[in-house]
Number of protein chains: 2
Amino acid sequence: MESISPNVFNFSAGPAGLPRAVLEKAQSELVDWNNLGTSVMEISHRSKEFVQVAAQAEQDLRDLLNIPDNYKVLFTQGGARAQFAAVPMNLLGGKTKATYVDAGYWAQSAVSEAKKYCQPQVVEATIERDGKLAVIPASEWTIDSDSAYVHFCPNETIDGIEINDLPETELPIVADMSSTILSREIDVSKFGVIYAGAQKNIGPAGIGIAIVRDDLLDLASEILPSVLSYKLLAERDSMYNTPPTFAWYLSGLVFQWLKAQGGVQAIEKVNREKAALLYDYIDASPFYRNNVHSDNRSLMNVPFQLAKPELDSLFLSQADEAGLRALKGHKAVGGMRASIYNAMPLEGVQALVSFMKQFEAQHA
Amino acid sequence: MESISPNVFNFSAGPAGLPRAVLEKAQSELVDWNNLGTSVMEISHRSKEFVQVAAQAEQDLRDLLNIPDNYKVLFTQGGARAQFAAVPMNLLGGKTKATYVDAGYWAQSAVSEAKKYCQPQVVEATIERDGKLAVIPASEWTIDSDSAYVHFCPNETIDGIEINDLPETELPIVADMSSTILSREIDVSKFGVIYAGAQKNIGPAGIGIAIVRDDLLDLASEILPSVLSYKLLAERDSMYNTPPTFAWYLSGLVFQWLKAQGGVQAIEKVNREKAALLYDYIDASPFYRNNVHSDNRSLMNVPFQLAKPELDSLFLSQADEAGLRALKGHKAVGGMRASIYNAMPLEGVQALVSFMKQFEAQHA
């Protein structure tokens with residue numbers, strides 16, 4: 001086994017870094033898990049050993065998020081993109097309209113897919129305020145009362161926007177929490193459906209979560225593919241088809257790691273500290289800029305631009321040499337983006353800020 | 001790291017055993033892959049490093065199966081069950097009928113799902129011959145000429161049936177090869193679509209393969225969820241949504257391992273030797289029985305019953321103690337089942353036969 005550099009910090013937007021302790025445990029038992037003489041990925045998903053792994057992961061997630069008993073926890077495949085189709089196909093219940101709140105790329109992608117199944121009523125939710133990108137308060141969103149549900153994405157990873165409030169509505173609220181889940185406290189009881197791809201704060205790519213209020217399980221279209229059916233997944237304990245067992249196991253290890261850190265409340269505190277450190281430095285520097293209003297800055301994805309964009313490549317290559325990986329911004333906005341998911345320690349952000357200061361001193 | 005018993009042989013029907021050398025390589029680089037200081041599962045699927053992994057895996061699969069240039073190779077999610085919906089939604093092209101050849105549980109499951117989208121014309125393909133389960137020759141299947149395609153499953157894992165011939169037809173032939181792919185030589189050019197879940201002969205659960213002839217990419221229904229679209233997956237190199245990167249990487253390692261074994265032709269020889277050893281012993285013994293006609297016995301899944309079914313539990317527990325894992329038959333047929341996929345060495349089957357002989361000597 002090769003030696004590991006202790007100084008590598010991975011700012012990937014996803015698949016994102018996983019807690020080192022989780023990877024080391026997985027490594028230690030990769031070939032012989034639970035004294036079976038085989039890997040956990042080589043056993044039947046219906047074996048008593050794997051069913052225990054699956055059930056423990058669900059319970060740990062329920063504990064972490066305080067999920068009420070009237071919600072099913074489903075382990076899904078196909079990421080958030082599959083849910084863009086699954087949501088209307090599961091929830092329309094014969095209605096033809098659904099409200100979609102648009103604060104960026106991912107919400108718009110959900111709208112595009114929903115158009116195959118209904119007439120999305122789109123609420124433009126971003127606005128310029130003080131020369132920065134801001135989100136219109138939820139109390140001002142116009143919600144079509146004939147809608148089957150209200151859909152939004154509370155963390156837009158590309159622009160680095162976070163929505164912190166919820167509309168007052170009787171309709172089920174559906175949230176793509178791929179980049180929000182487990183990063184800060186949420187009140188699950190306010191939602192109809194919460195879904196998320198795993199590859200940010202849950203585990204490796206290839207598994208996802210859907211948390212579904214159980215009164216919403218009987219509204220599906222007849223043409224819903226079975227693998228996307230919330231009801232069927234709920235009835236079959238997310239094992240209607242062979243689930244991604246290794247990804248499920250790893251997600252369970254992440255949940256246990258998060259519990260050991262003190263849970264969501266504790267990690268939120270660290271996440272706020274990490275984000276404040278980075279945003280405060282950016283705001284204080286004339287050399288770096290973030291374009292999002294301070295009310296709506298993402299805790300997880302911090303895009304920033306250099307005052308001299310011609311230095312972007314140099315910044316990125318020198319950062320990489322310093323062990324600060326995957327800082328390139330999304331091509332839609334350019335510049336840099338530091339994704340600082342739960343697995344990123346405070347030291348990683350400190351190392352990034354130190355590097356940014358040094359780079360600024362050399363090039364300002 | 002714990003010591004590994006060299007005497008464990010895993011007969012799981014799926015998720016099945018993986019080559020030990022593949023797991024050991026994955027273990028050695030799980031925390032620091034390619035000198036990046038991160039795991040392969042922690043990097044962007046769009047990074048040059050991962051794109052290289054993905055492209056190499058595709059090329060190796062193309063080499064192993066001699067896939068012609070006019071076929072796309074797609075990496076899918078949701079297993080074969082997702083394809084049960086994807087096939088009609090991608091291929092009907094406005095037609096209302098498709099022919100489904102029924103030789104067992106998996107073919108029937110495909111029919112159930114297809115009924116949401118078309119009128120499946122079902123061809124009963126099994127028959128009793130010489131007191132055993134046999135398959136009607138493909139030349140005798142009645143194929144509805146208005147069908148969009150002909151679907152079948154050449155290896156039925158539960159009964160342990162294998163179909164070795166193909167119908168003469170102008171229609172695209174679609175095959176669920178979850179348990180066939182890479183186990184024996186196939187002529188891809190005879191098929192319209194070949195699909196497979198990975199968890200038998202490809203890699204871990206959570207990824208799948210679809211090999212699609214490129215004239216079939218423009219027949220999709222408008223309500224097809226994007227994540228199931230062959231065309232979209234082909235256009236986006238199977239990265240329309242974040243793919244299961246670790247499963248893709250592991251599948252690539254399996255392909256490289258298989259090339260090192262001499263490829264499909266070489267492994268087929270070993271597979272035939274393994275299967276013959278087990279079936280010949282069962283046929284020669286009055287204590288064990290296999291119910292499938294010798295023309296249609298699966299190379300990969302060998303179900304067998306004891307003459308004294310009351311000893312099933314004892315057989316299974318003693319086998320487990322001897323390191324022969326996961327031999328319990330599917331609940332639909334009972335008894336035992338030895339799944340002997342590519343990763344099962346000849347020694348494993350030899351160990352099983354030795355154990356069976358010993359058990360027979362004690363209990364006949």
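Author: A residue is called buried when its relative accessible area is under 20%. In this predicted model, 64% of the 364 residues in chain A are buried.

Reader: What does the accessible surface of chain A come to?

Author: The accessible surface is about 13700 Å², and carbon and sulfur atoms account for 47% of that area.

Reader: How many helices and strands does the secondary structure of chain A hold?

Author: Chain A has nine helices and 16 strands. Its radius of gyration is 21 Å, close to the 21 Å that the globule rule gives for 364 residues, so chain A is as compact as a globular protein of that length. The C-alpha trace spans about 60 × 55 × 30 Å along its principal axes.

Reader: Which residue does UniProt mark with the feature "modified residue: N6-(pyridoxal phosphate)lysine"?

Author: The unreviewed UniProt entry places that feature at A:Lys200. Such annotations may be inferred rather than shown by experiment.

Reader: Where in chain A does A:Lys200 lie, and is A:Lys200 buried or exposed?

Author: A:Lys200 belongs to the loop between strand 11 (193–197) and strand 12 (208–213). Its relative accessible area is 14%, and because the cut-off for burial is under 20%, A:Lys200 counts as buried.

Reader: Leaving aside neighbours within four places in sequence, which residues is A:Lys200 in contact with?

Author: With those neighbours set aside, the contacts of A:Lys200 include A:Ala13, A:Gly14, A:Ala16 and A:Gly17. A:Thr157, A:Ser178, A:Ser179 and A:Tyr341 are also in contact with A:Lys200.

Definitions and conventions:
Residues numbered from 1 in each chain as written. Chains lettered and ligands numbered in written order. Predicted model: local features only at pLDDT ≥ 70, side-chain atom pairs only at ≥ 80, totals over all residues. Heavy atoms only, no water. Helix = DSSP H or I, 4+ residues; strand = E, 2+ residues; numbered from the N terminus. Rg over C-alpha atoms; globule rule 2.2 N^0.38 Å. Buried < 20%, exposed > 50% of the residue type's maximum accessible area, 1.4 Å probe, protein only. Areas by Shrake-Rupley, 256 points an atom, 1.4 Å probe, with all protein chains shown as cover. Contact = heavy atoms within 4.5 Å.
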